[in-house]
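Visitor: I would like to learn how to read this model. Could you walk me through it?
Guide: Gladly; let us look at it together.

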Amino acid sequence: MNFNSLIYTVVNLQTIQISGFTSIIPSGSVITVTMRVWINTNPIFNIYVSIDNIAHITALAPIIYGTASATVTATPSTFISGLTGNGNEMNKLTAMLDGTTSTIYFSVTPSSQTIAGSFLLIYTSANLVKASSFNSATSCLINNVTQPCSITTSTYTKIAIYSSSSSNLFPQPPPLPPPATTTVQINQVVFNYASSHSYYIYHFYFQLTASLASQASVQKYLVSPMVVQQRNQLISFQNYFSNNINNTGNNFMNLIRLVSPNISEWQNTIQTYQKRIISVFTYQDWSNGLANVSSYSSYPCLSNLAGTTFTFIQGSNSLNLTTDFPLNWDRINIVLPGT
Amino acid sequence: MLNSTYLTTSCVNLNTASSLVPNPLTINSTAVNNLNPNIQSTLAIVVGFNNVLSSGVTYELQILLSNNLPSIGALSTSFEMYAISGTGIMQEENWNMGQVFFELRNNHLMNIVSVNSEAANLAGSIVSTLQINIKIGVSCPTPLSVFLFTISGDFQFTVGSQVTTIGASPPQILTAQVVSPNLITATFNEQFSSGRQFSVAISNIQNPLEISSGAISLYSLPYNSISPLEVQELSIPFQTISLSAPVNIYTAEGLSPNSAVEFYLQTTQYITVSIQLPSNFNPSYILQITSDAL
């Protein structure tokens, strides 16, 4: 199926519609839709699926209908903060796909007192595994001191950090005696894949239990960080505001030429479903130059790489755009062929 | 619709003339009385063609009635047809094209013991089977008994629709005929008496490819008669419901929620909705997902 043709319409906060299917999906096929949601109903929420043309859906008479319900039981506490990874970016973990391993950092500040035997369990996707270099005695650091921990993977991955029966790794919150905040560092882990909007989403389900004897006082928290692929610096990648690489001869100032003469910088393998995309962002005065092209339409570019496509995506006209938030700028997505 | 040659013809509003200056093709009392004073103008249909109908060529004219049941108690025992030129000259006529069912209504309500049509049929499942258990209340005066079924809505009988009887000693069906997509008759080789009970099944009823509802009527008649003995008129529901799609909700990791991996209140998270298609998903379709919680 050509997923690029799909159109997602948010009818309201509780309804989305997906259209733009280009071919018949045979009976018996399974469609999966992964959505970012905020559940506000306790304890049961329902999902209703309607499939038909818009008239029949509007008339509440779809030819295909299904429903399912699920129970929501967890109310998040706020005892986890500062989740970062190798890139040291908040809620963003780096999948080191070049053979090296990834690291996870975060802080624990229990919202209620813990005592000896307190322990922290983290459940996450099975696509997070321990590296062969992982050492249960040394790979995890609590307040910069190595502590025993374990990582096991089955249908999901479970990271366990236990206090001993006589110690308490996760003490009390302030204003009780310090240390109120416990830093945790987990080294030698591997993300098998980086996240996309549909695949390889890593929920981190934190469960902090106050003591071995007090199973009832469990605090829960959920973080859904983006796991981004390891990013290398394309040192040789350059742009020229001219039609001539050497900036000699005739120049055409309305052209931008992007050149990457060192192909060794592109040797890292990307994953299935992934494409290399060069995004050229424009900001402020440049936006006028792109305004004559409809958003999501082809943009006039050429490349010596056959099969390269160029798409203009119109950004927001907000005056509050900053260099820290470029996703709303006008941009040209240059999708390179192959993997 | 002109069948066989599949000619198309334009439609003309023939009701524009006044009663003082009737158009010969206008449907009003004056124009209709010129043909036959016994015909009611409300029961006349005029069809105009934009080309000359050739002699010796077989044409088929299908008149689709929006309601093929008599809502006023009677239609006609005879269906008449006239061919008239645009200037009002009668070219040909046929006063006895045949019967239009039902001359009479009565208040004898047929006893439907059970009917499977109340169990909804799935839209898009192409065909369905109707099965009705009947208990005769009014004895038939003729050696042969006749049942007539009609179906309304977007449902249709098909050429493959078979009428069968079910039971320990079911009546023998002498003949059965699909008269039209909305009408089927069965003649039984038995003189039904009051209290006779058996089941009748009609197979291969064409379902619409969308959610729809209709109704089935059943008339019990003497042989060679259009006067029902007892009826169930538009009172047997027949409908389609949505094809049921199994839906499951998983975490983004594709796991069913459990004590360790579960859904959270009031925080941003991802869920995966899995939908197993019970029929083909056509490109024109839209997939809508609604929740009471998101």
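Guide: Two residues count as in contact if their C-beta atoms, placed from the backbone, lie within 7 Å. This is a predicted model, in which local features need pLDDT of at least 70 and side-chain atom pairs count only at pLDDT 80 or more, while totals for chains, interfaces and linings use all residues. Residues are numbered from 1 along each chain as its sequence is written, and chains are lettered from A and ligands numbered from 1 in the order in which they are written.

Visitor: How should I read strand pairing?
Guide: Strands of a sheet pair through backbone hydrogen bonds, either parallel or antiparallel. The criterion is at least two bridges found by DSSP between two strands. Here β5(A) and β13(B) (residues 243-244) run parallel, joined by two bridges, and I64(A) has L243(B) as its bridge partner.

Visitor: In what order do the three strands of the open sheet come?
Guide: The order is β3(A)-β16(B)-β14(B), with antiparallel pairing. Its edge strands, β3 of chain A and β14 (247-251) of chain B, each pair on one side only. Five bridges join β14(B) to β16(B) (residues 268-276), and N248(B) stands opposite S274(B).

Visitor: What is a nonpolar core, and which residues touch the most other members of the largest one?
Guide: A nonpolar core is a set of buried Ala, Val, Leu, Ile, Met, Phe, Trp, Tyr and Cys residues joined through C-beta atoms within 7 Å. A residue is buried if 20 or more other C-beta atoms lie within 10 Å of its own, exposed if 12 or fewer, and partly exposed in between. The largest core has 68 residues, and those touching the most other members are V49(A), I51(A), I80(A), L120(A), I161(A), F206(A) and A245(B). Another core, of 32 residues, lies apart from it and includes L130(B) and F198(B).

Visitor: Why does P171(B) count as partly exposed?
Guide: Because P171(B) has 19 C-beta neighbours inside 10 Å. P171(B) sits in the loop between β7 (163-166) and β8 (173-180) of chain B. Setting aside residues up to four places away in sequence, P171(B) touches T165(B), F188(B), E190(B) and F198(B).

Visitor: Where should I be careful?
Guide: Check pLDDT, the predictor's confidence in each residue, from 0 to 100. Where pLDDT is low, the predicted coordinates should not be read in detail. Chain B has a mean pLDDT of 77, with 71% of its residues at 70 or more. Over residues 67-77 of chain B, pLDDT stays under 50. For the complex, the predictor gives an ipTM of 0.76 and a pTM of 0.64.

How values were computed
Helices (H or I, at least four residues) and strands (E, at least two) are DSSP runs, numbered from the N terminus.
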